[in-house]
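Have the viewer open as you read.

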Amino acid sequence: MTTLLETPVPAAADALTLRRGAARVLLTNWTGSSTVPSRGLYPHQWSWDSAFIAIGLRHLSVRRAQLELESLLGAQWADGRIPHIVFSPAVPLDAYFPSPDFWRSSTEGAPAGAPAGTETSGIVQPPVHALAAWLVHQADPETSRRRGFLPRVYRRLVAWHDYLTGSRDLGGGGLAAMVHPWEPGMDNSPCWDAPLARVKPAPPGSYRRADLDHGQAAERPTDLDYGRYVRLASDYRDSGYADVPGGHEFAVEDPCVNALLIVSEQALARIAAETGADPAPHEERAARLTAALVERLWSPAEGMFLCRDLVGDELISERSVAGLVPLIVPGLPQQVVDALLDTAAGPGFRLGEVPMAPSYDITGEAFDPSRYWRGPAWFNTNWLLERGLRLHGHPRTADALRSAMLDTAGASSFAEYVDPFTAHARGTRAFGWTAALTLDLLAARDATQDIPSIGAHT
């Protein structure tokens with residue numbers, strides 16, 4: 001029988017052409033201090049995008065990769081949160097919604113310590129930043145030390161993790177909670193359908209969807225979901241961006257977010273040791289987070305991690321790729337690792353058969369191969385899975401996934417996401433983290449030997 005991996009995909013460019021194409025995307029999307037995900041659809045700086053972009057930029061310019069992270073951290077709030085968008089004042093307000101005049105961070109966010117001179121959103125995204133900072137340092141330790149890069153970012157990263165494990169421990173079980181579907185990064189995942197059902201949407205005439213100016217409606221969130229996103233964001237804004245246990249209509253613990261927090265906490269331990277600080281508190285917190293992740297989000301019946309709805313205090317039955325991402329975490333119980341690997345290769349995700357792992361269970365009722373996070377394959381989550389496979393001793397499977405990702409990146413013109421069956425491009429093209437992670441995968445493939453790092457290769 002022909003497997004889905006054998007579905008014809010346009011021939012990928014050779015490595016040199018692919019490298020040049022990826023570099024061109026990052027150079028084109030560079031603003032002078034940071035990189036936009038795309039010039040049309042996403043014209044500002046996004047939080048976890050910048051972290052992934054820095055990981056790729058380190059192969060072109062370590063200095064620019066450092067600046068990518070430093071510019072983002074420069075917009076950090078006094079309470080420690082790193083906002084999910086840092087707005088460029090050069091971009092017209094109608095180019096993106098929700099725009100700065102919706103979030104009103106410098107006024108409504110003042111009680112939480114939002115910067116007065118920089119407009120941002122008030123919500124957050126997954127904490128990839130410490131991992132990115134460590135990988136950027138490793139790319140050129142001499143330059144990093146000469147510029148004092150790690151000492152400059154260390155305290156800010158500590159404050160970021162303190163915020164997530166403090167103010168955002170809304171469930172009281174030790175994990176960070178997200179209070180808006182945009183925060184886990186997988187905006188319209190079917191995992192949010194049930195929690196969102198209790199949210200009354202904002203009136204359609206009260207906002208304008210700028211995303212549909214650049215993307216096809218069939219590939220974007222529905223109007224109903226978008227109205228609920230706007231309602232949640234405006235309610236959070238009107239509360240002064242306060243994090244209150246029991247005070248949010250939407251509050252979830254997400255396995256991808258918390259797995260990235262664990263790996264970044266481990267990176268902070270190495271950053272601490274490099275800068276002369278004590279790594280032990282970071283190692284201890286990573287261990288506590290790992291135990292809490294397994295205790296609160298592991299589902300033996302599903303063979304993967306699930307999101308927890310804190311309003312109902314129950315696991316959400318939907319199976320998304322977020323539940324496989326904890327493969328990046330060292331120290332998981334072996335039976336958990338084995339079950340995750342079986343689930344990844346099973347009928348729901350078919351890793352090794354499809355070019356790249358889908359964002360949602362192929363057999364699920366809500367699966368849609370074209371609509372945003374409801375089925376298409378994304379490069380950042382597959383990059384994380386590739387690292388997890390190497391970490392847990394499956395280099396051949398990781399090699400196959402890496403090759404498929406490189407082929408797909410070139411053939412899709414560095415698409416935002418792709419159809420999981422055909423690898424045909426979806427979303428916008430010349431997407432920042434797709435290009436950046438292509439550079440990282442090429443560099444890893446070309447390396448003559450493995451280099452010790454957090455989780456897997458550097």
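## Helix 2 beside helix 16

The crossing of helix 2 and helix 16 is left-handed. Please keep in mind that the model is predicted. Helix 2 covers residues 47-57 and helix 16 covers residues 432-446; their axes come within 7 Å and cross at roughly 30 degrees. The two helices are therefore roughly parallel to each other.

Which residues make this contact? On the helix 2 side they are Trp48, Asp49, Phe52, Ile53, Ile55 and Gly56, and these meet Gly432, Trp433, Ala436, Leu437, Leu439 and Asp440 of helix 16. Sorted by class, the contact of helix 2 with helix 16 has eight nonpolar, two polar and two charged residues.

## Helix 2 beside helix 6

Helix 6 (residues 129-139) also packs against helix 2, at an angle of about 20 degrees and with the axes 9 Å apart. That angle makes helix 2 roughly parallel to helix 6, because angles under 35 degrees count as roughly parallel. The crossing of helix 2 and helix 6 is left-handed.

From helix 2, the contact takes in Ser47, Trp48, Ala51, Ala54 and Ile55, while helix 6 brings His129, Ala132, Leu135 and Val136. By class, the residues between helix 2 and helix 6 are seven nonpolar and two polar, with no charged ones.

## Helix 2 against helix 14

Next comes helix 14 (residues 379-391), whose axis lies 12 Å from that of helix 2, with a packing angle of about 55 degrees. Helix 2 is therefore oblique to helix 14. Helix 2 passes helix 14 in a left-handed crossing.

Here Trp48, Phe52 and Ile55 of helix 2 are in contact with Asn380, Trp383 and Leu384 of helix 14. The contact of helix 2 with helix 14 holds five nonpolar residues, one polar residue and no charged residues.

## The nonpolar core and Trp383

Which residues have the most contacts inside the largest nonpolar core? They are Phe52, Leu340 and Trp383, in a core of 144 residues. Helix 11 (residues 255-275) gives the most to this core, contributing eleven residues.

Setting aside residues up to four places away in sequence, Trp383 touches Phe52, Ile55, Leu135, Met405, Leu437, Asp440 and Leu441. Among these partners, Phe52 and Ile55 also belong to the helix 2 side of the contact with helix 14.

## Two arginines to look up

Arg58 is found in the loop between helix 2 and helix 3 (62-73). Is Arg58 buried or exposed? At 6% relative accessibility, Arg58 counts as buried, because buried means under 20% relative accessible area. Between Arg58 and Ala436 there are 9.1 Å in space, C-alpha to C-alpha, although the two are 378 residues apart in sequence.

With a relative accessible area of 14%, Arg228 is buried. Leaving out neighbours within four places in sequence, Arg228 is in contact with Leu196, Ala197, Val199, Pro201 and Ala202.

Technical notes. Residues numbered from 1 in each chain as written. Predicted model: local features only at pLDDT ≥ 70, side-chain atom pairs only at ≥ 80, totals over all residues. Heavy atoms only, no water. Axes fitted to C-alpha atoms, helices over the stretch in contact; angles between N-to-C directions. Helix = DSSP H or I, 4+ residues; strand = E, 2+ residues; numbered from the N terminus. Parallel < 35°, antiparallel > 145°, perpendicular 65-115°, else oblique. Left-handed = near helix turned anticlockwise from the far one by under 90°. Contact = heavy atoms within 4.5 Å. Nonpolar A, V, L, I, M, F, W, Y, C, P; charged D, E, K, R; others polar. Core = buried A, V, L, I, M, F, W, Y, C linked by side-chain atoms within 4.5 Å. Buried < 20%, exposed > 50% of the residue type's maximum accessible area, 1.4 Å probe, protein only.
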